[in-house]
Amino acid sequence: MTIDTTYQFIFGSALLALLCVFTSVLSRRLGAPLLLVFLVLGMLAGEDGPGGIKFDDFGLAFLVGNLALAVIIFDGGLGARRDTFRVSLRPALSLATVGVLVTAGLTGLAAHWILDLTWQEGLLIGAIVGSTDAAAVFGLLRSAGLELKERTGATLEIESGSNDPMAIFLTITLVQLISAPTGNPGWSLLSELAIQMGLGLAAGGAGGYLLSWLLSRLQLSASLYPLLALTGALSLFGVTNLMGGSGFLAIYIVGVMIGSKSLPYGGDIHRFHDGLAWLSQIIMFLMLGLLITPSKMTSIIAPAIAIAFVLIFFARPLAVLLSLAPFHFPWREQVFISWCGLRGAVPIILALFPSLAGLEQTRIYFDLVFFVVLISLILQGWTIAPIARWLRVELPPPVREPEHLTLKIPDSQDKELLLYQVTPSCRALGIQGKQLPMAEGAQLVGVMRLGVLLAAPAEQKLAVDDYVMALATEGSSSALGRFFAPEQPLNLETSLFFGEFAINPDARLADLAQLYCFDVRDKDSALSVADFVLTQFHGKPVVGDRVQLGPVQFVVKEVKDGVITAIGLKLGRK
């Protein structure tokens, strides 16, 4: 490669990435899946498009794709909130294991019948398209401004981040079985599953603990903390794969463990990896678009449409139904989770495995899977937001905690220093420092005005642009943060969603039945309304859950540590 060619390559790559950033604005306005836009740009730059770039290096694509996927999955783990595991860990893991197996099996049988392949080759196609894409799903929901019910959102979040290892394991195992058949394929699958998952869990747990410890103990430059997290996670990803384990499972667990800790410069770590994950998606989808030559795909269009139909309308819904059966999910949420089986980058990367293993018909695998992903992005990706609204699984937008600085105190693992700014529209304006809601163990440190610390901060009346410093225990800043959040105007949408009245969660159901003229069973009459709602959702309610009794609905407005603390009453039927 000459010097001029090198600079042309740099210019072309940067220009394509820049176009991806700009087109994100257009895709948000059109409601189009952003990853679909990246793919189309890659195809336009490719051999059949105006760009005319010929790229068919499957080995390089596999290397770059694996690195990009590792970064994306790590970022997904970092963003997993600790409270999501309380509600949805078990159902999400069921979807990530049983769900992937059922989806892969049914889709594989359809591919075996439609394409007249051997059952192993058909199952390989099913395994390749078996996992969902977290980044695609949540990118679409964020761009549409949707806030999902916690049970639904948490299940999708954990499932999408943890089902890739199962699909990768199935793909690698089936490639090995096809290239080197064994006498007992069932035993090979089970033993490989135990090794992959066992090593992935062990390496992820040990590596996550070590990396979290290093991030909290080492004294580094602020810009090096995100790099330590990234290089440590990728090192663990590589060594786990070398040992024969699931590196993707390991790096996801590391991300979850780091993300759940209060670390020095934790906000910088999250922001750095969020941007890096977006860059990884742009690079990966542009590269995958370059690999595709649309003029050579005409023969695969009809079978790809048929397989995508089976996957979207039969395999995924049945997998969700079987996986969530023990957890009593409301039917609306099951339907939405079924429709959110969006396929993205992982299947296209996995479609490169047969080529690298030297199997026959490798181009068919890649073209077929690419077209299935394309159909999924167009059909499901463009309709996720309308489906969420139609099924009523979204919540009114919540009050966000205001921007503030957080400094972890190195000598105390459960203390952090918080810095809030007083704005013209916040509740803290005009009150004395001692009137701020300080949780147990928290204390006011000082008030800064015009760059000067004021004496006796507890007696000072807070003014616009004052900065308030408080020492608080980890995770106890929410009550204080609400005082510095801009006051929200009365939101008609929110009041209509949660009902016309707020009722005491401890009110007896029998008393409310007399007041609002609805029937209640004798065994439920002595229950409080909160306890009754708990029984309807098997002890795990979330905000937005509702129960209809005659002419009224009880709507859960607030849940703290699994206890319902606020309930709305809405008149009328669903």
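Residues are numbered from 1 along each chain as its sequence is written. In this predicted model, local features need pLDDT of at least 70, side-chain atom pairs count only at pLDDT 80 or more, and totals for chains, interfaces and linings use all residues, while side-chain values use heavy atoms, with hydrogens and water left out.

**Exercise 1.** Work out the strand order of the five-stranded open sheet and name its edges.

*Solution.* 
- Start with the terms: strands (E, at least two residues) and helices (H or I, at least four) are DSSP runs, numbered from the N terminus. Two strands pair if DSSP finds at least two bridges between them.
- The order is β3-β4-β7-β5-β6, with antiparallel pairing.
- The edges are β3 (405–408) and β6, each pairing on one side only.
- Take β3 and β4 (residues 415–421): four bridges join them. L405 stands opposite L419 in β4.
- Take β5 (residues 443–449) and β7 (residues 467–473): they pair over five bridges. L444 has A470 as its bridge partner in β7.
- Take β5 and β6 (residues 452–453): two bridges join them. R449 is partnered by V452.
- Look between β5 and β6: their hairpin has two residues between the strands, and L450 takes a positive phi near 55°.

**Exercise 2.** Explain why β8 and β9 each have a side without a neighbour in the sheet.

*Solution.* 
- The four strands of this open sheet run in the order β8-β11-β10-β9, and pairing is antiparallel.
- β8 (501–503) and β9 (546–549) stand at the edges with a single partner strand each, so one side of each lacks a neighbour in the sheet.
- Neighbouring strands are turned by 30° against each other on average, direction ignored. Axes are lines fitted to C-alpha atoms, for helices over the stretch in contact; angles run from 0 to 180 degrees between N-to-C directions.
- β8 pairs with β11 (residues 563–571) over three bridges. I503 has I567 as its bridge partner in β11.
- α21 (residues 509–516) lies across β8, β9, β10 (552–560) and β11, at about 140° to β10.

**Exercise 3.** Decide whether D367 is buried or exposed, and list its contacts.

*Solution.* 
- Locate D367: helix α17 (residues 362–379) holds it.
- Apply the cut-offs: buried means under 20% relative accessible area, exposed over 50%, partly exposed in between (1.4 Å probe, protein chains only).
- At 6%, D367 is buried.
- Leave aside neighbours within four places in sequence: D367 is in contact with I292, K296, M297 and I300.

Methods. Contact means heavy atoms within 4.5 Å.
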